[in-house]
Amino acid sequence: MNVVVTILSLAITSSVALLLASLGEMVNQRAGIFNLGCEGIMSMGAFLGMLIPYSVGHGGATPGVYNVLGLLAATAMGALLGLFFGLIVVTFRAPQGIAGIGLQMFGAGAAGTLFRHFVGGTQSVPGITTPAIPILSKIPFLGQVFFSQNVLVYIAYLLVPAIWYILFKTPWGLEVRSVGTHPRAADSIGINVTKIRYQSLAVGGALAGLAGAYLSLCQAKMFSDSIVSGRGFIAVALVYFGHWQPVKIMWGALLFSLAQTFQTIIQSKGINFPYEFAVMLPYVLVIVVLAFDRESQRLGPTALGIPFNREIRT
Amino acid sequence: MTKQFRILYKTVILLLAVLATMALGAIILLAIGAPVMKTYGVIVFAPLKNIGLISEVLIRTIPLTIIALGIAVAYRSGIINIGAEGQMAMGILATTAVALAIPNLPKPILLPLALVAGITGGALWGAIPGVLKAKLQVSELLSTVMLNYIAEQFYTFCLRKPMLDPAEMTTGSGTPQSMRLTKNIWLTRFIPGTRLHTGIFIAIAFAIIIYFMLWKTASGYKMRAAGASQRSARYGGINVAKYLVIAMLFSGGFAGLAGAVEICGVHHRAIQGITSGYGFSGIVVALFGGLHPAGIIPAAFFFGLLLVGGNMTQNAVGVPANMVQVLQGVIILVIVATQMVLSNAYLMEKVWRKTHKEATS
Amino acid sequence: MEHITKRFPGVLASDDISLSVGEGEVLALVGENGAGKTTLMNILMGLYQQDEGKIFINGQEMRFHSPNDAFAAGLGMVHQQYMLVPNMTVTENIALGYKQAWKPWKLDLAKVRNHIMEVSQTYGLSVDPDAYIWQLSVGEQQRVELVKTLCLGARFLILDEPTSALTPQETDELIALLKKMTSDLSIIFISHKLQEVTDLSDKITILRHGAVVFNGNTKDHSPSDIAALMTGHEVVMPQNKEKGTLQAEALVVKNINVRSDRGFLALNDLSLSVHSGEIVGLAGVSGNGQRELAEAINGLRHVESGTITFYGQDITNKTPHDVIKEGMGYIPEERNTEGIVPPFSMKENFILKDSSAQTYNKGIFLNKKIIAQNASRLRKDFDIRSPNTEIAAGTLSGGNIQKVILAREITREPKFLVAVYPIRGLDLGAAQFIHEQLLAKRKEGLGILLISEELDEILALSDRVAVIFKGHIQQILPRSEADRRKLGMLMAGV
């Protein structure tokens, strides 16, 4: 029983980074842009998240406000990198796949360079602690699994209905969806396709940055080159898996983080199973999911990946 | 519009691209307080100072060339191979397995066999995303990246368990690596005092082979057509799915070959970190070289410079080696953006008219 | 509009154009394909910026930087390809432009819906606000577009080729509707169909190669005058006058069921046969299965049941390569994305289907000399206008691209040709050439399945006319019995 509690609780904790990044990626994909650089933005976010608390406290405890500043810095940088990506793929109309890889390398490299210069080594930070919710966390089983998480977990899961509302019930969401499905129609009715795409990339980048900061401040409580290890790419895959819908993406994030926690459980139980195969599991799962969910290809925003050019005469 | 103007226009665009690259890299350099121009100087010029350093650049040029050739074949056939890291790793494992299994065969037999094993390992690993795309329309962008991570884990496992050096087991120092491989697969180091090995001739030979294959044969034509306009190629009777898989077999096989060459020429044993970055650097080299063998060889040399120079910057100017990855990312972004600018005829006309008007008014 | 000039790379799309429309008037903007009509209207709607010239609305000079400016000035446009987002409802589509319903945190769809119902009532345009666009027929979608422009406050309506996708009956209804609307609105409509122009318009402006060649009142001129002014010379499109002698059955399609990309049954128990030396014209409103039929015949789309036989050989579900080898020729619907490889040179495009052929190979290498010779010959024989054979095929004009495809297909000596919308978007000169070639090949014994939306083309070239509706052949008539009215009714499913 204890094992199940640990597994579920851990799965929820480690799903947040995937969830945040994937929700963000969904927003820009709905507008027609897919950003493989999500992984690189998460790297930068992870670095910036812990930089501020570390600089102040050098590994020791610091007032919570510095953690918040770290989160804000990561989110802001994420938005900035998203806009930068917009410059390349919206204004210059470069192919999004390869450009995304370029952004990933830039982000990962920058994070590594800056980290070695400003922090170096394997410094850890106390990070964001987990205040248990009074009363609710005492409920047997449910309390330990759901109500003893850190604050960002609740924020992340609240974002699911929030983003759903924004995308489907507000004018901006309507604009985003039209731009990703039929940009020419949106353009002809006066919607600024370029502006909407930039905005959606800023949102996507911001959430990816936040996701990265979560990794360094809440999950691993440190930074290293391999802290993201593919979560950004998995987040992009999750958008396909979740058919570009917030709730489905949420389930996907939980499923994949379950696969990731599998490895921790095996090691902690001392089972004699090569841990490498357990680590492989989420990545294999992505491929299996992509291979067998053919439906998803038809459901995506029709203009996904296609640069918009008003001047092209059809 | 005159031909002069066209050439001038394109040159200016390229210069702006170079400046943009340096500026974007400078952002990070300034953030860490490093001297910008001096750093760039170290990266590009320091490795040229003596024969020893130049040979190190050439050593890196070899796998970069081979991998980039493979990526170029795939790219031109319409499939973007981000999985060279994993394919290289699999190639290394295959080569090592052969060398460990039958070390006593004479060199003229074992060496080619080892290289072929490397090619096969990489090709099979590359075939997976190829088939996934051809049969199930799975985007290769995601599948190749995932396979990189999977291969990385598998590689570590093999070095930790089945292929572990017996010496490591006894001393217990725990480094995951294989034992020293038989001299029968070593590529000759032909310049005394350096590590430069005959793999360089293999790289050049394959560059020539790829040139003829892609541009002078019917199969190459079909692959390029499939990459240039998949629908039209299909309507023209070309079996696009088949060529996608063939392209990935080539691409993976080349990455595997690069791995094999690294084992046989440089390291002589399988260790952690051989692939690190070559798979991704190979992509940048391919793009920078215009996806053509004639451009890839000099591009590979340039990136070899970057890699060696990047290792020297920590000591010289206090810039961590990760800066090379930053530059690679920037170069990719600038290249793809520049390509779009160069192919924008409308823009060129606008600039012509604006400048021409000023001249006559 | 005064002295409007607009340039695109290598093309002067609008050359010092001036025209005017009064209140309640209908102006027809006429010209061949490529004359610059759509470009001019896009300038008026703020989608493009003119390089020179001025626009005046009600005497005031206006500068439109975006469609929003045009809407604010009371302009509205129904484009040739409908600007409707398929997976959104009618209400959502109109809400995209209905800024009054945009509150910061909520989209007031109810408000939009009410306005839609109002407009619908006033003008007699019935639409279902909750329907998804993909559920609607072409005619219904057009009504939605009209309602949209009216909801957004249009006092001045621009219609781009409004009847191109309608049956003759739907066309009549639309014209009656537009006549009624002139009591409230002024209208510019673009068309190359002279019948509508004379029916509906008060004034005519004719464009040719981007410049105005005529501006006048409709009632002062006859249709043939107008036709002559449109093209600059008397154009007689080739007619199929020879009586065919019945030859062997070349292509027999029997009871095939084929699915569309969306999963619906696009072809429903369809049967059709074509003989060698005959042209069968397939008439029908676009979207009734024409694409799927052409693809099924050429092995590009799966046939679920039924058979396709070609000169006695069963070619159902064979690969495109095998079908080509059997002797099938194909001029596909989309020249740029299906017919040629745009970045490849013209020379390389000619051998698209024959890259492995003995003639073009010397050992394992391609024979550059033969390939180049072939290209020069074809370029000359088919009068393809280009500086040489090295340039990228994608940079050629539409007509020349089509000639490249035609040249390639015809000179391969196919036993049959499937031609889909072969003259769509081409100027009359190129269209004339292509029709001449098709008729010539017919005389030599080639069987041709001609799929087209233009009844003129079908009636001019076919020996027999088949009508397709919702994936099924309604009827096959010999040319002598096929007239517009009958075909129109069959095309509408009657």
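**Close-up 1. Ile266(A) in the predicted model is partly exposed.** Ile266(A) has 18 C-beta neighbours inside 10 Å. Because a residue is buried at 20 or more such neighbours and exposed at 12 or fewer, this count places Ile266(A) in the partly exposed class. The residue belongs to helix α11 of chain A, which covers residues 246-269. Once neighbours within four places in sequence are left aside, the contacts of Ile266(A) are Ile271(A), Phe273(A), Tyr275(A) and Ala278(A). Gly252(A) is 14 residues away from Ile266(A) in sequence, and the C-alpha atoms of the two are 22 Å apart.

**Close-up 2. Helices α4 and α11 of chain B cross at roughly 50 degrees.** Helix α4(B) spans residues 84-101 and helix α11(B) spans residues 240-267; their axes come within 7 Å. In handedness, the crossing of α4(B) and α11(B) is right-handed. On the α4(B) side, the residues that meet α11(B) are Ala84(B), Gln87(B), Met88(B), Ala89(B), Met90(B), Gly91(B), Ile92(B), Ala94(B), Thr95(B) and Thr96(B). The residues they meet in α11(B) are Gly252(B), Ala255(B), Gly256(B), Leu257(B), Ala258(B), Gly259(B), Ala260(B) and Ile263(B). Sorted by class, the contact of α4(B) with α11(B) holds 11 nonpolar and seven polar residues, with no charged residues.

**Close-up 3. Chain A touches chain B through 39 residues of chain A and 38 residues of chain B.** The side of chain A that touches chain B consists of 26 nonpolar, eight polar and five charged residues.

**Close-up 4. Chain C is assigned two domains.** Domain 1 of chain C runs over 2-231, and domain 2 of chain C over 249-491. Their C-alpha centres lie 33 Å apart. The contact between the domains takes 10 residues from domain 1 of chain C and 12 residues from domain 2 of chain C. On the side of domain 1 of chain C that touches domain 2 of chain C, three residues are nonpolar, six are polar and one is charged.

Notes: Residues are numbered from 1 along each chain as its sequence is written. Chains are lettered from A and ligands numbered from 1 in the order in which they are written. This is a predicted model: local features need pLDDT of at least 70, side-chain atom pairs count only at pLDDT 80 or more; totals for chains, interfaces and linings use all residues. Domain bounds come from an automatic or database domain assignment. Two residues are in contact if their C-beta atoms, placed from the backbone, lie within 7 Å. Ala, Val, Leu, Ile, Met, Phe, Trp, Tyr, Cys and Pro count as nonpolar, Asp, Glu, Lys and Arg as charged, and the others, Gly among them, as polar. Axes are lines fitted to C-alpha atoms, for helices over the stretch in contact, and angles run from 0 to 180 degrees between N-to-C directions. Helices (H or I, at least four residues) and strands (E, at least two) are DSSP runs, numbered from the N terminus. A crossing is left-handed if the near helix is turned anticlockwise from the far one by less than a right angle, and right-handed if clockwise.
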